[in-house]
Amino acid sequence: MRVSREQFQENRRRILEAAGRLFREKGFSAVTVAEVMEAAGLTHGGFYGHFTSKEDLAAQALAQALAPAPREPGAAPDLAGFVAAYLSAAHRDRPGGGCALAALGGEAARQPAPVRRAFTDGLEARLARMQEALPEGDRAAALAAVASLVGALVLARAVDDPALSDEILAATRGALAPTRP
């Protein structure tokens, strides 16, 4: 049975959304195509109508997860608000809906070229946004800020001591405070 173009696009959106969430929660290797399709509410058989391989799915889901959120035209970036939200316990505790750079960075280094390309493109987009938000618009400062944010989140998620995890987030928020406009 053929589906309409609109339904095809909706199914694809659901697959990418489910894959992005599952990959961020469990990592690329721990997620199966069948699991993604089930999470999307679809049958496994429809997968290859949308993607050529799991690698193709991973690259596209990562690209979507790393796409910058739309911003109001003319709206000034809220760096302080972004840092506070990014380095919050809520963000730390929900990797499936959080930053793919922090959730998948370690694993992305061992992925095939299309996944690494999607990661690189997503990082570049985040760097551009950070550069716009910094008063001096300096790329080196943007790189340092993004690396600090992502690294802090990775460490805060990795440790088994809740107090240390909170301390990591708070210390990094404090260290980045001088870069706020």
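This is a predicted model: local features need pLDDT of at least 70, side-chain atom pairs count only at pLDDT 80 or more; totals for chains, interfaces and linings use all residues.

Guide: Start with the buried residues of helix H7. They are Val115, Ala118, Phe119, Gly122, Leu127, Met130 and Ala133.

H7 itself runs over residues 113-133. Its length can be checked. At 1.5 Å a residue, 21 residues should span 30 Å, and the end C-alpha atoms of H7 are 30 Å apart, so the two agree.

Now take one partner, H3. The axes of H3 and H7 come within 8 Å. They cross at roughly 5 degrees. Angles under 35 degrees count as roughly parallel, and H3 and H7 are therefore roughly parallel to each other. On the H7 side, the contact uses Pro114, Val115, Ala118, Phe119, Gly122 and Arg126. On the H3 side, it uses Glu55, Ala58, Ala59, Leu62, Ala63, Ala65 and Leu66. By class, the residues of this contact divide into 10 nonpolar, 1 polar and 2 charged. Val115, Ala118, Phe119 and Gly122 are in this contact, and these four are also buried in H7.

Stay with H3. Its 13 residues should span 18 Å at 1.5 Å a residue, and the end C-alpha atoms are 18 Å apart, which agrees. Which residues of H3 are buried? Asp56, Leu57, Ala58, Ala59, Ala61, Leu62 and Leu66 are. They pack against H1, helix H2 (33-39), H6 and H7. Ala58, Ala59, Leu62 and Leu66 are among those buried in H3, and they also take part in the contact with H7.

H1 meets H3 at another angle. The axes of helix H1 (residues 5-26) and helix H3 (residues 54-66) come within 9 Å and cross at roughly 85 degrees. That makes H1 roughly perpendicular to H3. From H1, the contact takes Arg12, Ile15, Leu16, Glu17, Ala19, Gly20, Phe23 and Arg24. From H3, it takes Lys54, Leu57, Ala58, Gln60, Ala61, Gln64 and Ala65. The residues of this contact divide into 8 nonpolar, 3 polar and 4 charged. Ala58 and Ala65 of H3 belong to the contact with H1, and both also belong to the contact with H7.

H6 supplies Leu101, Ala102 and Ala103, while H8 supplies Val146, Val150, Leu153, Val154 and Arg157. By class, the contact has 7 nonpolar, no polar and 1 charged residues.

Gly74 lies in the loop between H3 and H4. Gly74 is exposed, with a relative accessible area of 85%. Gly74 and Ala40 are 34 residues apart in sequence and 36 Å apart in space, C-alpha to C-alpha.

Last, the record. An unreviewed UniProt entry places "domain: HTH tetR-type" at residues 9-69. That span is 62% helix and 0% strand, with end C-alpha atoms 20 Å apart. UniProt, again in an unreviewed entry, gives "DNA-binding region" for residues 32-51. Residues 32-51 are 35% helix and 0% strand, and their end C-alpha atoms are 14 Å apart.

Definitions and conventions: Residues are numbered from 1 along each chain as its sequence is written. Side-chain values use heavy atoms; hydrogens and water are left out. Axes are lines fitted to C-alpha atoms, for helices over the stretch in contact, and angles run from 0 to 180 degrees between N-to-C directions. Helices (H or I, at least four residues) and strands (E, at least two) are DSSP runs, numbered from the N terminus. Angles under 35 degrees count as roughly parallel, over 145 as roughly antiparallel, 65 to 115 as roughly perpendicular and the rest as oblique. Contact means heavy atoms within 4.5 Å. Ala, Val, Leu, Ile, Met, Phe, Trp, Tyr, Cys and Pro count as nonpolar, Asp, Glu, Lys and Arg as charged, and the others, Gly among them, as polar. The expected span of a helix is 1.5 Å times one less than its number of residues. Buried means under 20% relative accessible area, exposed over 50%, partly exposed in between (1.4 Å probe, protein chains only). UniProt positions are given in the numbering used here, feature names are shortened, and annotations may be inferred rather than shown by experiment.
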